[in-house]
Amino acid sequence: MKINQKKYNFFSRIGRAFKLNYVKLLRSSGGAKKVSLGFAIGFGLEMLVISTASLIYIFFIPVVRLAKGSLPASVIGNVIGKLTFLPIILLPFARKIGKLILPMKVRVGHHTPFSFQSLMHGDFRSLLTLLHGGVHVLIGMTFFGIVLGVASYFVVHYLYETEKNRRLTKRRTKHSIQKNVPNKNFV
């Protein structure tokens, strides 16, 4: 015997899957802490993507798992960090902050632009100047990642708790209205 089940189209199934996972996150124990921690880690690590040439993604999942954050929330935080273009906007400021935190100067002859051809011929001067500038950017972007990650933790925690409380009050009012409505079947 075949049971008639309603078939949903592709977009409706995606929406239902998001809604299901959202409800699961709201009902999970330690939900606000876990979600906001995952979002903060994802958002903070996004600041390091450019300066590490995307090598930070090797440590993305282990860092989230070790911190006991939510992996889906960290992916969302990472995507939001990409969409805001903050890493690109903060890049020049990161170099200056990196120079303030670690004021080192390297003088290797004259500054030559980086080229792979000179590197293959054994000229490492351009590589040293590139790495020297990259160290300052990495330090500055790490600073921005920590600051923005901590700030986003509190923002997401507040928004999560507000949404959870709103849903609880909506559910309570719905149940109290249903209790006060007389049943017409018994009349």
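Helix α7 gives the largest share of the positive surface patch, 5 residues. The model is predicted. The protein has 7 helices and 0 strands.

**Positive patch**
- The patch is formed by K6, R16, K19, R167, K170, R171, R172 and K174.
- Two helices, α1 (10–27) and α7 (125–180), each supply at least two of the patch residues.
- Every patch member has over 30% relative accessible area and no salt bridge.
- Like charges are joined into a patch within 9 Å.

- R171 lies in helix α7.
- R171 is one of the residues that form the positive patch.

**Fold**
- Along the sequence, the pattern reads α-α-α-α-α-α-α.
- The count of strands is 0, against 7 helices.
- Contacts between residues 24 or more positions apart make up 75% of the contacts with a separation of 6 or more.

**Burial and surface**
- The protein has 187 residues, and 27% of them count as buried.
- The accessible surface of the protein is about 14,000 Å².
- Carbon and sulfur atoms hold 69% of that accessible surface.

Key. Residues numbered from 1 in each chain as written. Predicted model: local features only at pLDDT ≥ 70, side-chain atom pairs only at ≥ 80, totals over all residues. Heavy atoms only, no water. Patch = residues over 30% accessible without salt bridge, like charges linked within 9 Å, V, L, I, M, F, W, Y side chains within 5 Å. Areas by Shrake-Rupley, 256 points an atom, 1.4 Å probe, with all protein chains shown as cover. Salt bridge = Lys/Arg side-chain N within 4 Å of Asp/Glu carboxyl O. Lys, Arg positive; Asp, Glu negative; His and termini not counted. Charge placed at Lys NZ, Arg CZ, Asp CG, Glu CD. Helix = DSSP H or I, 4+ residues; strand = E, 2+ residues; numbered from the N terminus. Buried < 20%, exposed > 50% of the residue type's maximum accessible area, 1.4 Å probe, protein only. Contact = heavy atoms within 4.5 Å.
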